[in-house]
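Dear colleague,

Please find the structure below.

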Amino acid sequence: MDKNLAIGIDLGTTNSAIAVWLDGKATLIPNSLGQFLTPSVVSIDEHHHILVGEAAYSRLITKPLQTASAFKRFLGTEKTYPLGETTYTPTELCAMILKSLKSDAEEYLKQPVRDVVISVPAYFNDQQRKEVRQAAELAGLDAVRLINEPTAACLAYSLHETHDRRFLVFDLGGGTFDVTVVEYQDSFIEVRASTGDNRLGGEDFTAALVDAVMAKLNISADSLAPAELSKIVQACETAKKRTSAEVSVALPEPWAQSVCFTTQELLDIWQETLNRLSFPIRQALNDARISPDEIEELIFVGGATRLKEVQQMATRLIGRFGQISLDPDLVVALGAATQAACRLRDEAVEEIVLTDVCPFSLGIASNREGQHGVFSPIIERNTVIPASRVERFYTIHDEQDVVRIAVYQGERVWVAENVLIDEFEVDVNPAAAGSESLDVRFSYDINGLLEVDVTVVSTGKTIQKVIDRTPAGMSDADKLSSRHRLEKLKFHPRDALPNITLMEKLNRLYEEKLAEERHWIEQMILHFSRMLETQDDHKIKTLRDQIESDLKASGL
């Protein structure tokens, strides 16, 4: 048993993946269905079993009220998801995905898995990162490092390339968007700038297409039952992945028709979303202080970059064609495993030196020109880390004996519009306003540890506050409560997951089809149900393989 396996996880909005560093390279770990991508979808069936991945994905249409997807988008918010009789937070749903990946890895590696590196969008804020760690803890994992998704992709590509260059990583997933400017030279990877939008992704293109379809049908979302709306969403998701210039959305019953859009109509539908993609690109280039013609390579990461409209927009802005030499859906997981190997100093990667940047500005609340609650950055966004910066501040009241240091993260001028990280008080000698000064130093490392040193200049006394942004940050009571609710759930046995997945697919097809096709699906369901009752694994697998082969031959 190798206790020091290097495991990397890409916890995605739409799909997730897990990889391990073996024999000098990152290797993807298949799930119980033999697939490298696990849909980030959770559902609860009629027996209160938790379904994760493909089995849950099939229920997005048939049981939308018992199924949750794209919940990673809402980490750091108060949004909850009622599934069955229980309500879950995005953190708990992410924990279910991570638990499924953990089980897949343990089955594949034949040993327990604990320490992992998890990738996160570069633009995730402090609270969102904490909740990813909470999800890992609830899943029985220790997230020893969070790595920004574009940085992970850079690591994966750097092992396949040898020449020095500067490149832009265009990372568009299902629900998040990151742009990162990176320089690679002499086995040294330096992130020059990183920015993005953690509420923008491939799901937005689907949503825009759904709106256009309903406009053509002259129907509103409010007039549709959840299952009907889910059918339209899934039809649009399928049509979006087309290879032709035009799009034809094939709608099932009760519409049973195709809604077609020309190339220009499609561009008009997606123009607003495409415009939102362009701003972070310009900002990243500006922060890196380089022009588009200084970018030597454009790298596409994330499944949504397969949309030709997205590629065309990025190509037009950067002035060069992008490359997808590694699978955009899987490259982040490979990079996360590579980072895990770097952390364990594997011989194959120990020569790679990685620097990252602080994606948000870090500062404190201050008073300027009589205005309270003004944000004063101390470490600016896209500062290469580790970094240490100091700024001097002064008291604002006569006889003031206490100064409140409130640490914030963000880019807005008012602290109320930024994210509060922590706060504490420092005692000072009472004196006239402005006569007492304090030096506030921020020191920030690549693991997310922020040290705040406040020195009272008149006395030389220093108060240090260590803000550890790496632990889960969850109270013991909250951890116990959340764990208790998760433990009460009945997770279906792993070896039965392929059977559940097939049955959910058959149920979905039964709802979609009519006449002879529906009867054919019905016979499959009845036959497979009888076979499941035998509990004969060999016979079940044989029939399952036959049904899947028949469905594939019929184009289903």
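Which residues lie nearest the centre of the second largest pocket? They are Ala365, Ser366, Asn367, Tyr394 and Ile396, out of 23 lining residues. A pocket is an open set of points on a 1 Å grid over the protein atoms alone where a 1.4 Å probe fits, with protein on both sides within 12 Å along at least five of seven lines; lining residues have an atom within 4 Å of a point.

This is a predicted model, in which local features need pLDDT of at least 70 and side-chain atom pairs pLDDT 80 or more, while totals for chains, interfaces and linings use all residues. Residues are numbered from 1 along each chain as its sequence is written, and side-chain values use heavy atoms, with hydrogens and water left out.

Strand 24 (402-409) gives the most to the lining of this second largest pocket, namely six residues. Strands here are DSSP runs of E, at least two residues, and helices runs of H or I, at least four, numbered from the N terminus.

Isoleucine 18 belongs to strand 2 (residues 15-22). Its relative accessibility is 2%, so isoleucine 18 counts as buried (under 20% relative accessible area, 1.4 Å probe, protein chains only). Beyond four places in sequence, its contacts (heavy atoms within 4.5 Å) include Leu101 and Ala333.

Tyrosine 157 lies in helix 5 (residues 149-158) and, at 1% relative accessibility, is likewise buried. The side chain of tyrosine 157 reaches the backbone nitrogen of leucine 326 at 3.3 Å.

Yours sincerely

Terms used: Buried means under 20% relative accessible area, exposed over 50%, partly exposed in between (1.4 Å probe, protein chains only). A polar contact is a pair of N or O atoms within 3.5 Å; within protein, one must be able to donate a hydrogen and the other to accept it, and residues adjacent in sequence count only if both atoms are side-chain atoms.
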